[in-house]
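Work through the exercises below with the sequence and the 3D view open. Try each task before you read its solution.

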Amino acid sequence: MKTNPLDSKLFLAEYWQQKPLVIRGFIQLFNDPIDEHDLAGLAQEEEIDARIVRRFNGQWKVFQGPFETFDDKCKGDWTLLVQGVDKYIDQVKALFELVSFLPAWRTDDVMISYSVKNAGVGAHIDQYDVFIIQGKGKRRWKVGAKGEHAPFSPTENLSLVNDFEPIIDEVLLPGDAIYIPPQFPHSGVTIEDSLNYSIGFRAPSFTELLHEVTDQAIASELAVPRYQDNKSLLNRQHPFHAVTPAEIQELKAYLTSQINSSAFDDVLMRAISQSHLPETDEEDYTLEDLMECVNDAQSLYLSPGVKPIFLTDEDSTLSRFYINCVAFDVASEHQSLVQDLIHDGYLNMNPELEDIICQNEALQSLLLGLLNLGYIYIEDQ
Ligand code: SIN
Ligand code: CO
């Protein structure tokens with residue numbers, strides 16, 4: 001993948017979460033890593049979130065996957081949309097490299113759509129930032145200004161807005177992309193049957209974050225002191241059922257002091273590392289399997305969709321990292337090795353690495369833990 005003409009500093013200063021932008025030649029000589037048949041195959045899988053949006057005889061309709069058949073649904077102007085394809089196909093996950101000037105923890109997924117001539121999902125507003133890359137085909141994108149665009153629902157599970165005055169109206173060719181921030185109305189109409197890759201960044205809402213954090217605080221048995229009554233109770237002269245503003249303030253102070261504790265950082269990291277990875281069967285790799293990989297000079301790869309994150313300080317040391325709400329500790333002497341695995345997505349065995357792994361039980365159990373959770377896998381180099 002040859003890339004990318006975007007000046008990331010300028011983009012972050014002028015466009016990110018501010019205004020839409022067409023990026024010509026975002027990927028040079030782009031080869032689609034998937035075709036419409038592969039996409040249809042994914043849309044048949046139970047655990048994959050897929051939709052078909054169609055307009056047929058002037059009527060909108062949305063079909064929710066998984067799909068056993070397509071012919072009865074793919075009529076008129078139709079689009080097949082499949083979420084989270086980065087979790088299944090490495091070359092699709094690799095599209096995140098295009099936006100690696102943004103932090104991994106802010107990324108959501110790569111959604112791929114296949115739309116036929118004249119199709120589109122209608123003018124709508126999204127709650128997230130998105131880079132939509134044009135694969136094969138040709139598509140005309142219009143983006144309007146942020147403002148009052150009352151959504152309406154012409155059919156179940158479809159939220160559209162009325163036509164808008166475009167501030168962008170351009171035809172994207174393979175390898176081009178368009179960046180659209182939240183709240184900007186947009187619509188893509190296909191000129192030639194198209195594959196589109198949407199790299200999405202879904203900012204958590206306050207309630208979603210609270211929900212995730214609560215789940216993780218419970219799961220990790222966050223140990224913090226309970227709320228304690230303030231001495232002002234001594235002079236309390238309020239009805240039994242009254243809650244005073246001071247008491248509300250004390251409760252809020254209690255919550256914020258726990259949120260500000262360093263123990264809470266761990267909970268927050270677990271929460272934001274949630275990446276809704278597909279369920280995998282528990283693997284049963286043994287130390288012998290790991291050693292065989294080491295001795296046969298095979299490689300260890302991060303599995304598709306696995307997005308490790310770590311809390312960094314000024315020295316960028318990595319003593320703990322998180323994948324999908326699970327924390328992994330790293331001994332100081334293995335930090336650079338783990339950093340390589342996280343950064344490059346693989347570890348090639350070599351005699352030096354063999355020695356390190358052979359001699360170190362903590363490292364062996366870290367790698368076995370990752371293997372058995374399906375977060376890394378072994379493959380020939
Ligand atoms: C699509 O790929 O057809 C829809 C992408 C979007 O507008 O968010
Ligand atoms: Co959209």
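This is a predicted model: local features need pLDDT of at least 70, side-chain atom pairs count only at pLDDT 80 or more; totals for chains, interfaces and linings use all residues.

**Exercise 1. Which spacing do the donors of the cobalt ion (ligand 2) follow along the chain?**

Residues are numbered from 1 along each chain as its sequence is written, chains are lettered from A and ligands numbered from 1 in the order in which they are written, and side-chain values use heavy atoms, with hydrogens and water left out.

Solution. 
- Step 1. Find the protein donors: His 124 (NE2), Asp 126 (OD) and His 186 (NE2). They lie 2.0 to 2.1 Å from the cobalt ion. Donors are N, O and S atoms within 2.8 Å of the metal (3.2 Å for Na, K and Ca); water is not among the atoms, so sites may look incomplete.
- Step 2. Read the spacing along the chain: H-x1-D-x59-H.
- Step 3. His 124 lies in the loop between strand 7 and strand 8 (129-134), and His 186 lies in strand 14 (residues 186-192), so the pair ties together parts that are 62 residues apart in sequence. Helices (H or I, at least four residues) and strands (E, at least two) are DSSP runs, numbered from the N terminus.

**Exercise 2. Are His 124 and His 186 buried or exposed?**

Solution. 
- Step 1. Recall the cut-offs: buried means under 20% relative accessible area, exposed over 50%, partly exposed in between (1.4 Å probe, protein chains only).
- Step 2. Apply them. His 124 has 12% relative accessibility, so His 124 counts as buried. His 186 is buried too, with a relative accessible area of 1%.

**Exercise 3. Which residues surround ligand 1?**

Solution. 
- Step 1. List the shell: Leu 81, Met 111, Ser 113, His 124, Asp 126, Ile 132, Arg 139, Trp 141, His 186 and Asn 196. A residue belongs here if one of its heavy atoms lies within 4 Å of the ligand.
- Step 2. Look for elements. Strand 7 (110-115) and strand 9 (138-144) each supply at least two residues of this shell.
- Step 3. Find polar atoms by the ligand. A polar side-chain atom of Ser 113 lies 2.7 Å from an oxygen atom of ligand 1. For an N or O atom in the side chain of Asp 126, the distance to a ligand oxygen is 3.2 Å. His 186 also has a side-chain N or O atom 3.2 Å from an oxygen of ligand 1.

**Exercise 4. Which residues does Ile 133 touch, not counting residues up to four places away in sequence?**

Solution. 
- Step 1. Locate Ile 133 in strand 8. Its relative accessible area is 0%, so Ile 133 is buried.
- Step 2. List the contacts (heavy atoms within 4.5 Å). They are Phe 26, Ile 27, Phe 30, Leu 95, Leu 98, Asp 176, Ala 177, Leu 195, Asn 196, Tyr 197 and Ile 199.

**Exercise 5. Where is Lys 73, and is Lys 73 buried or exposed?**

Solution. 
- Step 1. Go to the loop between strand 5 and strand 6, where Lys 73 lies.
- Step 2. Check accessibility. Lys 73 is at 13%, so Lys 73 counts as buried.
- Step 3. Name the contacts. Leaving out residues up to four places away in sequence, Lys 73 touches Ile 52, Arg 54, Phe 63 and Phe 67.

**Exercise 6. Which residues does a cis peptide bond join?**

Solution. 
- Step 1. Find Gly 65 and Pro 66; omega of the bond is about 0°.

Notes: A polar contact is a pair of N or O atoms within 3.5 Å; within protein, one must be able to donate a hydrogen and the other to accept it, and residues adjacent in sequence count only if both atoms are side-chain atoms.
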